[in-house]
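The following exercises are to be worked with the sequence and the three-dimensional model at hand. Each task is followed by a solution in steps.

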Amino acid sequence: MIRFNKVLRDIKTYEAGKPIELVVREFGIDAKDVVKLASNENPIGTSPAVEKSIIANANKAHLYPDDSMYELKNALADKFDVKDENIIIGAGSDQVLEFISRAVLDENASVLMSAVTFAMYEIYAKQMGAKVLRTMSYEHKYDEFMEAYEMRKPKIVYICTPNNPTGDATSKDEVLKIIRAIADDTIVVVDGAYMEYASAKDKKYAITPSDIMEFPNVIYLGTFSKAYGMGGMRVGYGIAQYELIKELYKMRPPFNISTLSLAAAIEACKDDSFIEGSITLHQEQIKRYERFANENGFTYIESYTNFITYLFPEHLDATHISDMLLKRGVIIRNLTSYGMNAIRITIGTQKQNDIFFKNFTEVIA
Ligand SMILES: *Cc1c(COP(=O)(O)O)cnc(C)c1O
């Protein structure tokens with residue numbers, strides 16, 4: 001019998017949002033009738049300019065990408081007013097999370113995060129045998145973080161703002177207050193996967209990489225998977241002082257994003273109007289979800305992201321409702337495994353949202 005590393009005993013495999021193909025297979029629903037609002041993808045799709053650049057580069061699929069990723073780093077450096085040397089590219093920001101975990105964690109270490117947050121922080125920590133500490137609230141509260149930090153001196157502190165899967169955000173002032181109180185032998189990760197939505201909604205929540213560049217132990221993470229509509233291309237980035245980035249580079253495999261992904265991300269950096277259009281649609285459509293909740297007596301968490309979390313009263317069961325929606329071809333995220341009787345719905349296009357409301361109304365009736 002194979003004896004796997006003992007750290008694996010304690011790891012639950014990450015459960016991704018259900019794919020459209022599964023609903024087609026299991027329930028015999030036509031793929032075009034399936035509405036997927038489960039993985040926080042951009043409902044508009046991929047920007048036409050990005051799509052064009054992927055096609056234009058298809059004849060380079062036999063070539064490894066430029067491993068320096070010079071052009072992409074340059075584009076990001078311009079966008080965020082930092083230097084190329086401050087940037088590391090990952091196959092999704094997930095891969096940067098993995099680099100960070102492997103660079104500093106071992107079986108004596110711990111990591112600190114909010115009560116309900118991105119599931120991969122825990123998985124990467126446990127892969128290294130490290131302990132996972134959580135605060136009491138899903139919101140990132142200074143007092144709660146400080147209490148746990150001072151007691152246990154974790155090697156990594158995660159600040160996910162806006163937070164997934166809850167949708168709330170932490171103000172820039174609160175984030176900086178936490179960062180300033182943490183000594184520089186602990187890495188603070190500011191995960192801004194949904195920052196484009198928060199910045200557009202309220203400047204108080206807008207955090208940019210340059211806000212954290214003065215701190216040697218802080219890294220800002222961003223991704224092309226959400227607002228940029230490129231989840232399938234797997235490109236993300238980390239931005240920090242060179243001394244930190246240099247160490248993370250030692251964890252990076254060569255050519256860690258594909259030639260096509262690299263071309264797509266470079267093009268995406270030039271395409272601000274796509275982001276603006278995506279945010280405008282989102283801001284219109286999320287109002288419908290807020291109105292629906294108010295009219296039907298649900299509580300929701302004020303969202304700074306491209307999804308909304310509905311909290312259910314006791315007589316409604318999130319698992320049951322998610323299953324019933326799935327059978328009707330509507331995929332949303334059940335948050336029961338996070339200890340919440342709640343569902344998370346990615347805000348779709350107008351038409352997708354119409355279909356969601358029609359089915360949801362019937363299911364809860
Ligand atoms: C989606 C997401 C990521 C990373 O996504 P990638 O596709 O790996 O770039 C990171 N953090 C949070 C909170 C996310 O929701």
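**Exercise 1: A strand residue at the ligand**

Thr 223 lies in strand 7. The model is a predicted one.

Task: Determine whether Thr 223 counts as buried or exposed, and identify what its side chain reaches.

Solution. 
- Step 1. The relative accessibility of Thr 223 is 4%. The limit for a buried residue is under 20%, so Thr 223 counts as buried.
- Step 2. Within the protein, the side chain of Thr 223 reaches the backbone nitrogen of Ser 225 at 2.9 Å.
- Step 3. Towards the ligand, a polar side-chain atom of Thr 223 lies 2.6 Å from an oxygen atom.
- Step 4. Leaving aside residues up to four places away in sequence, Thr 223 touches Ser 93, Ala 193, Glu 196, Tyr 228, Val 235, Gly 236 and Tyr 237.

**Exercise 2: Surroundings of the ligand**

Solution. 
- Step 1. There are 13 residues around the ligand, and those that come nearest are Asp 191, Thr 223, Ser 225, Lys 226 and Arg 234.
- Step 2. Polar side-chain atoms are then examined. One of Tyr 194 lies 2.7 Å from an oxygen atom of the ligand, and one of Lys 226 lies 2.9 Å from an oxygen atom of the ligand.
- Step 3. On its own the ligand has 380 Å² of accessible area, of which the protein covers 94%.

**Exercise 3: Aromatic pairs**

Task: Classify the ring pairs Phe 80 with Tyr 237 and Tyr 289 with Phe 356.

Solution. 
- Step 1. The count of aromatic pairs comes to 20. In the pair of Phe 80 and Tyr 237, the distance is 5.7 Å centre to centre and the planes are 40° apart, which is a tilted arrangement.
- Step 2. Phe 80 belongs to helix 3 (residues 70-80) and Tyr 237 to strand 8, so this pair links distant parts of the chain, 157 residues apart. Phe 80 and Tyr 237 are buried.
- Step 3. The ring centres of Tyr 289 and Phe 356 are 5.5 Å apart with planes at 35°, so this pair is tilted. Tyr 289 lies in helix 12 (residues 272-295) and Phe 356 in helix 14 (residues 350-364), so parts 67 residues apart in sequence are tied together.
- Step 4. Tyr 289 and Phe 356 are both buried. They are among the members of one aromatic cluster, which also includes Phe 292, Phe 298, Tyr 310, Phe 312, Phe 357 and Phe 360.

**Exercise 4: Ile 332**

Task: Where is Ile 332 found, and what does it touch?

Solution. 
- Step 1. Ile 332 is found in the loop between strand 11 (330-331) and strand 12 (333-334). Its relative accessibility of 9% makes it count as buried.
- Step 2. Beyond four places in sequence, the residues touched by Ile 332 are Leu 37, Ala 38, Ser 322, Leu 325, Ile 343, Arg 344, Ile 345 and Phe 356.
- Step 3. Ile 332 and Lys 18 are 314 residues apart in sequence, with 8.3 Å from C-alpha to C-alpha.

**Exercise 5: Cis peptide bonds**

Solution. 
- Step 1. The bond from Thr 161 to Pro 162 is cis, with omega near -5°. The bond from Asn 164 to Pro 165 is cis, with omega near 15°.
- Step 2. Pro 162 lies in the loop between strand 5 and helix 7 (172-181), and Pro 165 lies in the loop between strand 5 and helix 7.
- Step 3. For context, most peptide bonds are trans.

Technical notes. Residues are numbered from 1 along each chain as its sequence is written. This is a predicted model: local features need pLDDT of at least 70, side-chain atom pairs count only at pLDDT 80 or more; totals for chains, interfaces and linings use all residues. Side-chain values use heavy atoms; hydrogens and water are left out. Rings of Phe, Tyr and Trp (its six-membered ring) pair if their centres lie within 6.5 Å; planes under 30 degrees apart count as stacked, over 60 as edge-to-face and the rest as tilted. Helices (H or I, at least four residues) and strands (E, at least two) are DSSP runs, numbered from the N terminus. Buried means under 20% relative accessible area, exposed over 50%, partly exposed in between (1.4 Å probe, protein chains only). A residue is near a molecule or strand if one of its heavy atoms lies within 4 Å of it. A polar contact is a pair of N or O atoms within 3.5 Å; within protein, one must be able to donate a hydrogen and the other to accept it, and residues adjacent in sequence count only if both atoms are side-chain atoms. Accessible areas come from the Shrake-Rupley method with a 1.4 Å probe; for residues, only the protein chains shown count as cover. Contact means heavy atoms within 4.5 Å.
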